[in-house]
Amino acid sequence: MLGARGGWRALRRCPSSIFSSPSFSSSFSSFSSSSSLPREQRAPAARLRVRQALGAREAAGEVQVQGWVRSIRSQKEILFLHINDGSSLESLQVVADPSMESRDLTFGSAVEVRGKLVKSPHKMQNMELKAESIRVVGPCDTLLFPLKAKERHPLEYVRQFPHLRCRSNVLGALLRIRSEATAAIHSFFQDHGYVHIHTPIITSNDCEGAGELFQIETSNETQKSAEKNHFFNVPAFLTVSGQLHLEVMAGCRNDVQLHGGPAARNSPVAFTHVFTFGPTFRAENSQSRRHLAEFYMVEAELSFTESLQDIMQVMEDLFKTATSTVFSRCPRDVELFHKYVAPAQKTKGRLEQMLKNKFVTISYNEAVEILKQASQTFAFKPEWGCDLQTEHEKYLVQHCGEVPVFVINYPYDLKPFYMRDNEDGPQRTVAAVDLLVPGIGELCGGSLREERLPFLQSRLQRLGLADTYQWYLDLRKFGSVPHGGFGMGFERYLQYILGVDNIKDVIPFPRFPHSCLL
């Protein structure tokens, strides 16, 4: 009987004349007697979330709804409340007798309402709750509470209160979108046969080779910094990527003792498709609108693939599937961002068009030529062999028609040691790919991995990393297969589909100014 509520509804003002009829007034005759009973003696009521109540198709007997008061309006003969519990952008209207009003019943207070779920007489809402009792669970001092009723606070203001900002409509919508996007990403990989791997957060490896790491030390190590004794016997860092650990799982061979006969024992085991979705950390000293010190990364590895196109297809399918799912399951939350938070971005129409079309593919060589011929003046001059800057990436997307663009085959010396050598002559490149999207630049990055032992050994020796990555070389000695993978920054993905300018507005807790939330 109870289902998900579709359609956008506005909170209404109901004239008191609607409720002045004798039939409606008589419905309140039992309020005093039912609400005066001790709570422990009253019959249990079905507990509903606001989303469930709004989505109900039929009236229901005694129910209980808990949440926070979003608005309160008292008339001579009737009291109106709107309460919300975070399950829906829309609040549930509560209709009550004015005698239930109290000093503690204010905007922001936590309440428990018992009553009957009835059809609403107005077209803009389906159901409302006819209250039989209202209990204030936690009062709220409206003078001190920084969020005010009927005010649309700018994100810059709300950002000052990381411990309270989830009470705002925008952050509530964001958290529901994050939850649905997370579920959609997991469902995509599970539906395509991937195994979810929990990669470690503490590691001794620098996957990106950039040196932008947070090093971990115990408090004793910090105090005795002169002593080089590490907790793990080696320097340890917060992970920048789970890729190398995924490669272990995608190409490892473990001896497993099974309860079968001799043929079942010591059998090689590995996974052809794996993914991880967890926190990563970058120690970039930047407070810009596009950088975070802590963010979530979606990463996947595919075995038995020799084509960069295979990797690109998974990236495109993941993006389109997750985005379509979020749009279908959180239409009102997404609309809030597109209509009120970032209306100038025109994100909705652009994304709907993008979901219908294939992404564009150009090579790094083509990208550099496009940039050199541009009439625009860049802060960083485009040259072959130089990395693409954000300004370059945004221009390339614009040049290609404001659609997502794959840039493939980057210079050999630009990319990490694990990317596969294309062996393509004097302008040596690797089988790498970046996905660029409008307004953001790079969203995903991936490559084929170098599975040929001599090539990998040669490069690691030149970099002086052969001893450090001996375990990585071992993976190429025992049943190695062609493989590849990619990573996508989750917050940057949300920033793009919602049209948000500042990436710090798509995380649950900004890091400043409250150091206790670091």
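Glutamate 491 is buried, with a relative accessible area of 2%. Its side chain meets that of arginine 178 in a salt bridge, at 3.1 Å from N to O. This is a predicted model, and the points below cover its salt bridges, sheets, helices and nonpolar cores.

**Salt bridges**

- The count of salt bridges comes to 20.
- Arginine 178 sits in helix H5 (residues 169-191) and glutamate 491 in helix H15, so this pair links distant parts of the chain, 313 residues apart.
- Arginine 178 also counts as buried, at 11% relative accessibility, which is under the 20% limit used for that term.
- Arginine 476 forms a salt bridge with glutamate 247, and the closest N and O atoms are 3.1 Å apart.
- Because arginine 476 lies in the loop between helix H14 (470-474) and strand S17 (483-489), while glutamate 247 belongs to helix H7 (residues 243-251), the pair ties together parts that are 229 residues apart in sequence.
- Both arginine 476 and glutamate 247 are buried.
- Arginine 114 forms a salt bridge with glutamate 62, with 3.0 Å between the closest N and O atoms.
- That pair links distant parts of the chain, 52 residues apart: arginine 114 is in strand S5 (residues 110-119) and glutamate 62 is in strand S2 (residues 60-74).
- Arginine 114 is buried, with a relative accessible area of 10%, whereas glutamate 62 is partly exposed, with a relative accessible area of 30%.
- A network of salt bridges links Glu316, Lys320 and Lys358.

**The eight-stranded sheet**

- Eight strands make up an open sheet with mixed pairing, in the order S7-S11-S12-S17-S16-S15-S14-S13.
- Strand S7 (195-196) and strand S13 (360-363) stand at the edges with a single partner strand each, so one side of each is left without a neighbour in the sheet.
- Helix H11 (residues 364-372) packs on this sheet and touches S13 and strand S14 (405-411). The direction of H11 makes about 85° with that of S13.
- Within the sheet, strand S11 (residues 273-281) pairs with strand S12 (residues 294-303) in the antiparallel sense, over nine bridges.
- Phenylalanine 275 has alanine 300, in S12, as its bridge partner.

**Helix H12**

- Helix H12 (residues 390-399) has His392, Glu393, Tyr395, Leu396 and Val397 as its buried residues.
- These buried residues of H12 pack against S13, H11, S14, strand S15 (429-437) and strand S16 (441-448).
- Glycine 401 follows H12 and has a positive phi, near 100°.

**The three-stranded sheet**

- Three strands form an open sheet with antiparallel pairing, in the order S8-S10-S9.
- Its edges are strand S8 (202-203) and strand S9 (215-216), each with a single partner strand, so one side of each is left without a neighbour in the sheet.
- S9 pairs with strand S10 (residues 236-238) in the antiparallel sense over two bridges.
- Glutamine 215 has phenylalanine 237, in S10, as its bridge partner.

- The largest nonpolar core has 61 residues. Those with the most contacts inside it are Ile185, Phe189, Phe319, Tyr493 and Ile497.
- Isoleucine 497 is in contact with Phe319, Thr323, Val326, Phe327, His338, Thr347 and Leu351, leaving aside its neighbours within four places in sequence.
- Another core, of 30 residues, lies apart from the largest one and has Ala367, Val368, Ala432 and Ala466 among its members.
- In helix H10 (residues 347-356), the residues Thr347, Leu351 and Met354 are buried.
- Seen down the axis of H10, these buried residues fall within an arc of 60°, so they line one face of the helix.
- The cover over the buried residues of H10 includes helix H8 (308-329), helix H9 (331-341) and helix H15 (490-498).

**A buried loop residue**

- Threonine 106 lies in the loop between strand S4 (92-96) and S5.
- Threonine 106 counts as buried, at 18% relative accessibility.
- Leaving aside neighbours within four places in sequence, threonine 106 is in contact with Val69, Cys140 and Thr142.

Technical notes:
Residues are numbered from 1 along each chain as its sequence is written. This is a predicted model: local features need pLDDT of at least 70, side-chain atom pairs count only at pLDDT 80 or more; totals for chains, interfaces and linings use all residues. Side-chain values use heavy atoms; hydrogens and water are left out. Two strands pair if DSSP finds at least two bridges between them. Helices (H or I, at least four residues) and strands (E, at least two) are DSSP runs, numbered from the N terminus. Contact means heavy atoms within 4.5 Å. Axes are lines fitted to C-alpha atoms, for helices over the stretch in contact, and angles run from 0 to 180 degrees between N-to-C directions. Buried means under 20% relative accessible area, exposed over 50%, partly exposed in between (1.4 Å probe, protein chains only). A nonpolar core is a set of buried Ala, Val, Leu, Ile, Met, Phe, Trp, Tyr and Cys residues joined through side-chain atoms within 4.5 Å. The arc is that of the directions from the helix axis to the C-beta atoms. A salt bridge is a side-chain nitrogen of Lys or Arg within 4 Å of a carboxyl oxygen of Asp or Glu.
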